[in-house]
Amino acid sequence: MTQGYEPCGNVVSTPYGYDRPCRAGFKVVNGEIHRLIYDIVLSRPEDYLSIYQSCCNHRCAMCHSWYFTQQAVGTWMSPRDIVEEVGKYLEIVTVREPRDRATMWHASDLCAHCGWCKIYGEPGPFCPRKLDPGKILLSPQGWGPARNIVSFTGGDLLCRPRFYVETFRAIKREYGDEVWIHVETNGYGLTDKNLELLYEAGLDSVWLDMKAFSEDIYRMLCGTTNRWILDLPAKIRDLGIVLEVVLLYIPSLVELDEFRKFAELLVNVDPYIPTMILAFFPEYMLRHVREPTYEEIVQAYRVLKSYGLKNVKIGNVSVVCRDVECVKKLIEEVGRESVAL
Ligand code: SF4
Ligand code: SF4
């Protein structure tokens, strides 16, 4: 609000009643800022360290993490605590990525997360055959490599940058470019000033979850405007931050007409932006909405490609493909490089 932007208006539940997410998700102890963290896990299929944060500036009707983004729950952690977690993670890293691959999008080039090389001693049917089995680890979310990326995900409070600026600086001071710093964000908090602050502090890469193009659909889904979010792909790119975009196909809400508008916007910024199509699955306040069909997802892929986007992948494949034959058909239709497994 101090920068002249509309406040999110969201409230989250806390042990002391409802409160604004930025009051419930941060606290200062002896002058040191802390963030409420729900969990820290080597996540699949991203193959990086995900820091799942509680409390969010959005209340998305389709949020599948609502039980910690709309409720204040977790452990209070300072920038020093996060640096310690990153240090522990770096000891188990098996793949060092260059900065331009510091994304979720690139993970599927390396591994399909089947675990065959570890369980059966041979590559699985969709294995990209790029990694030695010694680089594959079991995490609570399954098999895959551990890439040198730390991602801040879950509840998004980038609108209050102090914690992130201090944490990113501390990570870079300790580990330099041994680790890439990534955020998964709705973009709401990325005002010009905040984006610059985060970039200067060491932010390497942004996963921008754009949700809907039309403002009325966006507000209905997430409770806020998306006015400045639509300008972010160009701004992120201009600053030299690595960008990946995620588009969620939601039947009857975010369909091909929205995808066409996104395609036009993105291709005008850079046709090579890594773009991931995800298939919605019923959660939270949209449990009554069906999943997309295989045909709808393939059509969405074709729409993005027809506008000239070069790097489009389909993720969440298990939502539209229930068996291996279906995955094979999808690979035949769009190519192995366009299917994230
Ligand atoms: S922005 Fe993400 S974490 Fe926040 S409510 Fe929406 S879907 Fe959930
Ligand atoms: S490298 Fe990944 S995709 Fe290949 S067999 Fe091992 S776990 Fe499966």
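Predicted model: local features only at pLDDT ≥ 70, side-chain atom pairs only at ≥ 80, totals over all residues.
1. Asp 47 sits in the loop between strand 4 and strand 5. Most residues other than glycine have a negative phi. Is Asp 47 buried or exposed? Asp 47 is buried, because 29 other C-beta atoms lie within 10 Å and the cut-off for burial is 20 or more.

2. Pro 45 lies in the loop between strand 4 (32–43) and strand 5 (48–53). The peptide bond that leads from Arg 44 to Pro 45 is cis. Its omega is near 5 degrees. Most peptide bonds are trans.

3. Ser 252 is another non-glycine residue with a positive phi, about 70 degrees. Its place is the loop between strand 12 and helix 9. Ser 252 counts as exposed, because its C-beta atom has 7 others within 10 Å and the limit for exposure is 12 or fewer.

4. Next, the core. The largest nonpolar core has 98 residues. Tyr 249 and Ile 277 have the most contacts inside it. Strand 12 (residues 242–249) supplies the largest share of this core, 6 residues. In soluble globular proteins, nonpolar side chains tend to be buried together.

5. Which residues does Tyr 249 contact, leaving aside its neighbours within four places in sequence? They are Val 254, Ile 277, Ala 279, Phe 280, Pro 292, Glu 296, Ile 297 and Ala 300. Among these, Ile 297 and Ala 300 are also buried residues of helix 10.

6. Helix 10 (residues 294–306) has the length it should. At 1.5 Å a residue, its 13 residues should span 18 Å, and the end C-alpha atoms are 18 Å apart, which agrees. Its buried residues are Ile 297, Ala 300, Tyr 301, Val 303 and Leu 304. Seen down the helix axis, they fall within an arc of 160 degrees, so they line one face of helix 10. An α-helix has 3.6 residues a turn, so residues three or four places apart point the same way.

7. What packs against the buried residues of helix 10? The partners are strand 12, helix 9 (256–269), strand 13 (275–279), strand 14 (312–314), helix 11 (317–320) and helix 12 (324–334). The face turned away from the buried side carries exposed Glu 295 and Ser 306. After the helix comes Gly 308, with a positive phi near 105 degrees.

8. Leu 304 belongs to helix 10. It is buried, with 23 other C-beta atoms within 10 Å. Beyond its neighbours within four places in sequence, Leu 304 is in contact with Phe 259, Ala 263, Thr 275, Leu 309 and Val 312. Pro 271 is 33 residues away from Leu 304 in sequence, and their C-alpha atoms are 10.0 Å apart.

9. Helix 5 (residues 162–175) can be read in the same terms. Its 14 residues reach 20 Å from first C-alpha to last, close to the 20 Å expected at 1.5 Å a residue. Phe 163, Tyr 164, Thr 167, Phe 168 and Ile 171 are buried in this helix. Viewed down the axis, the buried residues of helix 5 fall within an arc of 115 degrees, so they line one face. Their cover includes strand 3 (26–29), strand 4, helix 3 (79–90), strand 10 (180–185) and helix 6 (192–201). Gly 176 follows helix 5, and its phi is positive, near 50 degrees.

10. Arg 169 also lies in helix 5. Arg 169 is partly exposed, with 15 other C-beta atoms within 10 Å. Leaving aside neighbours within four places in sequence, it is in contact with Ala 201 and Gly 202. Arg 169 and Pro 79 are 90 residues apart in sequence, yet 9.0 Å apart in space, C-alpha to C-alpha.

11. Now the ligands. Around ligand 1 are Cys 56, His 58, Arg 59, Cys 60, Cys 63, Ser 65, Thr 69, Gly 154, Gly 155, Asp 156, Asn 186 and Cys 222. By class, that shell has 4 nonpolar, 6 polar and 2 charged residues.

12. How many residues surround ligand 2? There are 13, and the closest are Cys 111, Ala 112, Cys 114, Cys 117 and Cys 127. The shell of ligand 2 divides into 10 nonpolar, 3 polar and no charged residues.

Note on methods
Residues numbered from 1 in each chain as written. Chains lettered and ligands numbered in written order. Near = placed C-beta within 6 Å. Nonpolar A, V, L, I, M, F, W, Y, C, P; charged D, E, K, R; others polar. Core = buried A, V, L, I, M, F, W, Y, C linked by C-beta atoms within 7 Å. Helix = DSSP H or I, 4+ residues; strand = E, 2+ residues; numbered from the N terminus. Contact = placed C-beta atoms within 7 Å. Expected span 1.5 Å × (residues − 1). Arc of directions from axis to C-beta.
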